Amino acid sequence: MDAEILVLQALIRRLPKSHPKRPQIERELVKKLAGFKGEQSMEYYLSFLPEENFLIFHHLRLQSNIHHFQMDILILSPTFFLILEIKHISGTVTFDKDSNQLVRQYNDDIEVFPDPVLQVNHQRFQLKRWLEHKGFQSIPIEALVVMTNSSTL
């Protein structure tokens with residue numbers, strides 16, 4: 001299990017129910033658990049890739065100049081790289097290109113997230129720059145957002 005999830009779970013066990021930060025920490029834990037579940041659900045599909053042709057990295061974090069960037073899953077093949085941004089969001093989702101947001105409606109609640117398409121495209125840009133800086137030849141880099149929750153519309 002992800003270290004951040006374990007830390008948040010331990011923190012909630014020790015935090016009084018009346019602590020003003022508890023709701024914020026609980027929301028963060030729910031998001032982390034959903035992300036973890038989404039990435040775990042990808043394992044089945046990734047297991048069909050022949051190991052001799054693909055390298056799969058989870059939660060890869062690289063430093064680009066003074067900034068770091070993280071990719072949920074990076075798949076390396078001899079002919080291309082593939083970045084997967086995993087989202088395990090339930091409800092009805094809308095990609096709003098005007099506001100660069102992902103809007104989720106679930107029951108009577110509406111929640112707004114940053115646009116994962118922009119996020120994964122920025123990761124592609126950062127990986128391309130990182131590879132160039134390290135002296136690697138240009139290789140095609142593809143990027144996808146994968147919605148893993150089967151109840152997502």
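Visitor: Which residues does Phe81 touch, not counting residues up to four places away in sequence?
Guide: This is a predicted model. Contact here means heavy atoms within 4.5 Å. With residues up to four places away left out, Phe81 touches Leu74, Ile75, Leu76, Leu127, Leu131, Ile139, Pro140, Ile141 and Glu142.

Visitor: How many residues has the largest nonpolar core?
Guide: Phe81 is among its residues with the most contacts inside it. Leu62, Met71, Leu74, Ile83 and Leu127 are listed with Phe81. The core has 14 residues.

Visitor: Which residue in strand 5 is the bridge partner of Phe95?
Guide: Strand 4 (residues 92-96) pairs with strand 5 (residues 101-106) in the antiparallel sense, over 5 bridges. Their hairpin has 4 residues between the strands, and Asn100 takes a positive phi near 55°. The partner of Phe95 is Leu102.

Visitor: Which residue in the turn between strand 5 and strand 6 has a positive phi?
Guide: Strand 5 and strand 6 (residues 109-114) pair in the antiparallel sense over 6 bridges. Val103 stands opposite Val112 in strand 6. The hairpin has 2 residues between its strands. The residue with a positive phi, of about 55°, is Asn107.

Definitions and conventions:
Residues are numbered from 1 along each chain as its sequence is written. This is a predicted model: local features need pLDDT of at least 70, side-chain atom pairs count only at pLDDT 80 or more; totals for chains, interfaces and linings use all residues. Side-chain values use heavy atoms; hydrogens and water are left out. A nonpolar core is a set of buried Ala, Val, Leu, Ile, Met, Phe, Trp, Tyr and Cys residues joined through side-chain atoms within 4.5 Å. Buried means under 20% relative accessible area, exposed over 50%, partly exposed in between (1.4 Å probe, protein chains only). Two strands pair if DSSP finds at least two bridges between them.
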